[in-house]
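Dear colleague,

Please find the structure below for your review. My notes on it follow directly after.

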Amino acid sequence: MQIRTPDQWRAKDAAHVIHPNTMLGLHEQNGGLMIQSAHGSTLIDIEGKEYLDGIGALWLTNVGYGRPELADAAAAQMKELPFWSLFWSYGHTKAVELAERLAQLAPPGLSHTFFTSGGSEANESSMKIARLYHVRRGQPDRTVILALDQAYHGVSYGAMSATGIAAVRTNFAPFLTDVTHVPTPHPYRAGPEAASTALEALEQQIRQIGPKRVAALMLEPIGGVGGLIDLPDEYIRGARALCDRYGILLIIDEVICGFGRTGTWFGIEHSGVIPDIISCAKGITSGYFPLGASIIHDRVYAVIKGEPTDYFNHGFTYSGHPVGCAVALANIDLIEREELGARAVAMGAYLRERLLARANPHIAQIRGKGLMLGVQLAQNPATRQDPIDPEAHKKVEAGCRAEGVLLRALLGYTIAISPPLVITEPELDRIVDVLDRNIRRVFTGG
């Protein structure tokens with residue numbers, strides 16, 4: 001690596017790197033946090049300052065930073081077979097091993113995997129597979145994809161079209177046709193009747209569109225970007241029943257919920273529902289290599305494969321990359337061996353307990369499962385009054401960052417906490433202390 005001063009690195013960054021989801025002009029002026037190295041749950045920037053990673057980068061460093069097991073798996077695979085394709089009838093053993101392992105971990109019947117490079121591609125693929133399924137069944141008019149109006153499914157055009165968050169979609173219209181958004185059963189905004197009200201709206205929308213035109217419903221068990229929205233089990237089960245009633249496929253977006261983060265291999269397991277398709281990524285390699293997947297139920301695969309001469313004309317250059325598959329296998333071994341799913345449950349309960357013990361007057365609700373929690377901020381929780389300052393959650397995030405704790409401000413005045421699953425109790429105590437102090441400072445002006 002070239003030797004440069006921190007200011008020189010920032011200048012080169014501003015000159016050459018386009019950052020995702022960033023105010024580019026402001027970034028060029030002020031620069032940003034540039035990380036040099038990491039270990040466990042700790043990040044170290046180019047000036048040597050340490051930060052506690054309370055967000056798992058992008059919900060994904062499940063096994064923590066600096067795990068030699070994953071580096072060794074990648075290096076060994078690069079030496080043996082750095083790349084080979086799964087196109088046509090080619091293949092390699094690591095893709096087979098990983099697909100077999102996913103079939104063992106996923107809910108019963110989900111035993112066929114199509115590999116991608118990440119979450120957006122996985123959701124894009126799941127949507128295409130749903131449409132193909134209905135074409136193969138002789139119902140080509142079933143093209144409509146239903147998704148929640150506060151959902152986030154990615155930034156490729158299909159996945160972005162399914163995303164309901166207006167801020168993500170701004171400037172990029174027109175979107176994919178035949179995608180319709182339905183109300184989100186928000187546990188805080190909609191209250192105790194959230195599930196039943198949203199299910200009524202969902203069925204009404206299906207009937208309005210015409211049941212024989214709807215291909216699939218896409219749901220996140222816990223929606224991240226939209227405000228850490230933990231879908232009620234009642235809603236997920238009711239949605240599954242509606243899909244069954246009207247011949248609609250259920251796609252579950254597990255991109256941020258999977259691989260131990262909520263305590264189980266997949267977030268959908270908490271509801272007991274078996275989906276038709278699961279999209280996953282991120283935690284599948286803990287971010288050590290770009291990889292995603294659409295895991296397909298047997299009953300869906302039996303239809304999409306068609307006749308022996310039917311063509312499955314969908315694929316990505318890096319589908320089933322052998323290095324990514326090797327890293328994923330090593331990552332899954334780590335999660336299993338160290339029982340990180342159980343650890344996520346225990347540490348998540350500890351974190352929730354410590355937050356509640358602070359009795360912060362501006363915390364209205366704590367949502368989520370395992371180590372995927374959202375802290376709902378309010379001016380007055382008793383009346384559900386939102387903060388008077390519309391930037392309150394962002395100021396809380398900035399204050400925590402200044403103290404060396406990285407958290408994430410989400411839509412709806414929510415602070416997300418999703419650290420590596422290897423985080424310790426003292427580190428969680430630090431998160432609670434810093435977060436509590438900054439919420440009080442922002443809301444009281446102290």
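A residue is called buried under 20% relative accessible area, exposed over 50% and partly exposed in between, using a 1.4 Å probe and protein chains only. At 23% relative accessibility, serine 117 therefore counts as partly exposed.

The model is predicted: local features need pLDDT of at least 70, side-chain atom pairs count only at pLDDT 80 or more, and totals for chains, interfaces and linings use all residues. Residues are numbered from 1 along each chain as its sequence is written, and side-chain values use heavy atoms, leaving out hydrogens and water.

Serine 117 lies in the loop between strand 4 (110-116) and helix 6 (119-136); helices (H or I, at least four residues) and strands (E, at least two) are DSSP runs numbered from the N terminus. Not counting residues up to four places away in sequence, serine 117 touches Pro290, Leu291, Gly292 and Tyr318, where contact means heavy atoms within 4.5 Å.

A nonpolar core is a set of buried Ala, Val, Leu, Ile, Met, Phe, Trp, Tyr and Cys residues joined through side-chain atoms within 4.5 Å. The largest one has 91 residues, and Leu202, Tyr235, Phe266 and Leu435 have the most contacts inside it. Helix 12 (residues 322-337) gives the most to this core, with 9 residues. A second, separate core of 18 residues includes Tyr133, Ala147, Val179 and Ala216.

Kind regards
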